[in-house]
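Please read this short briefing on charged pairs and a surface patch. Keep the sequence and the structure in view as you go.

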Amino acid sequence: KSLLISATVSLILVHLLCNRPPAPVNVSVMHLRADSATVSWEVPEGDIIIGFSISQQRMDGKMQRFIREVNTTSRSCVLWDLEEETDYIIQVQSIGLYGESQASKRVHFRTLKKTDRFPSNSSNQDDPTVQGLDKARHLQTGEMIIIVVVLLMWAAVIALFCRQYDIIKDNDSSNSKDKVKPSSERTTPEHHSGGLLQRTSSHVSLCGIIN
């Protein structure tokens with residue numbers, strides 16, 4: 001039984017070793033800052049990769065960090081909280097369905113000073129991260145332009161409505177004044193005629209008394 005168990009374990013180990021994904025290739029470091037850097041790599045085709053693992057270590061050996069992510073197809077990772085003017089060594093491993101690959105080749109990089117400017121690199125334009133940031137900036141600019149245009153259109157509509165409302169209000173007030181004016185003119189002669197009738201009747205009554 002012990003021989004059977006050992007043989008089974010050996011077969012399992014051989015199966016896992018044979019189905020391990022290949023190690024990442026073309027590991028590079030870009031976007032160097034004083035406290036951060038971006039690691040990118042490539043994975044040979046033909047294997048199912050579900051994640052990655054990064055080993056980050058200082059050259060002096062004082063600090064070592066491991067970054068592990070699964071359920072992702074990303075081929076890049078940003079390293080944060082780095083120290084300025086410090087040498088680091090990184091290695092990347094691919095995570096497959098049956099375990100992790102061997103570590104990639106060791107890659108060395110050195111962070112910048114805080115006062116140093118980020119060196120311009122034309123090859124960064126081909127980086128997916130930079131392209132994504134440029135697209136996001138263009139989208140934000142386009143959205144702001146659309147919002148401003150819509151607000152201006154609404155302001156123009158409101159101003160036109162207010163102007164038409166004032167014109168209608170002025171027309172209504174002038175029409176009401178025109179309707180009131182003829183009625184007052186018609187009532188004035190009635191008062192005069194009434195006064196004339198009263199004077200005539202009083203004169204007739206005086207004449208009757210004298211007679």
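A salt bridge is a side-chain nitrogen of Lys or Arg within 4 Å of a carboxyl oxygen of Asp or Glu. This is a predicted model, in which local features need pLDDT of at least 70 and side-chain atom pairs count only at pLDDT 80 or more, while totals for chains, interfaces and linings use all residues. Residues are numbered from 1 along each chain as its sequence is written, and side-chain values use heavy atoms, leaving out hydrogens and water.

**Salt bridges**

- The structure holds 5 salt bridges.
- Glu-85 pairs with Lys-113, with the closest N and O atoms 4.0 Å apart.
- This pair links distant parts of the chain, 28 residues apart: Glu-85 is in the loop between E5 and E6, and Lys-113 is in the loop between strand E8 (107–110) and H2.
- Helices (H or I, at least four residues) and strands (E, at least two) are DSSP runs, numbered from the N terminus.
- Glu-83 forms a salt bridge with Arg-58, the closest N and O atoms being 3.1 Å apart.
- Arg-58, Asp-60 and Glu-83 are linked in a salt-bridge network.

**Exposure**

- Buried means under 20% relative accessible area, exposed over 50%, and partly exposed in between (1.4 Å probe, protein chains only).
- Arg-58 counts as buried because its relative accessibility is 14%.
- Glu-83 counts as partly exposed, at 42%.

**Helix H2**

- Val-157 lies in helix H2 (residues 128–210).
- Val-157 has a relative accessible area of 48%, so it is partly exposed.
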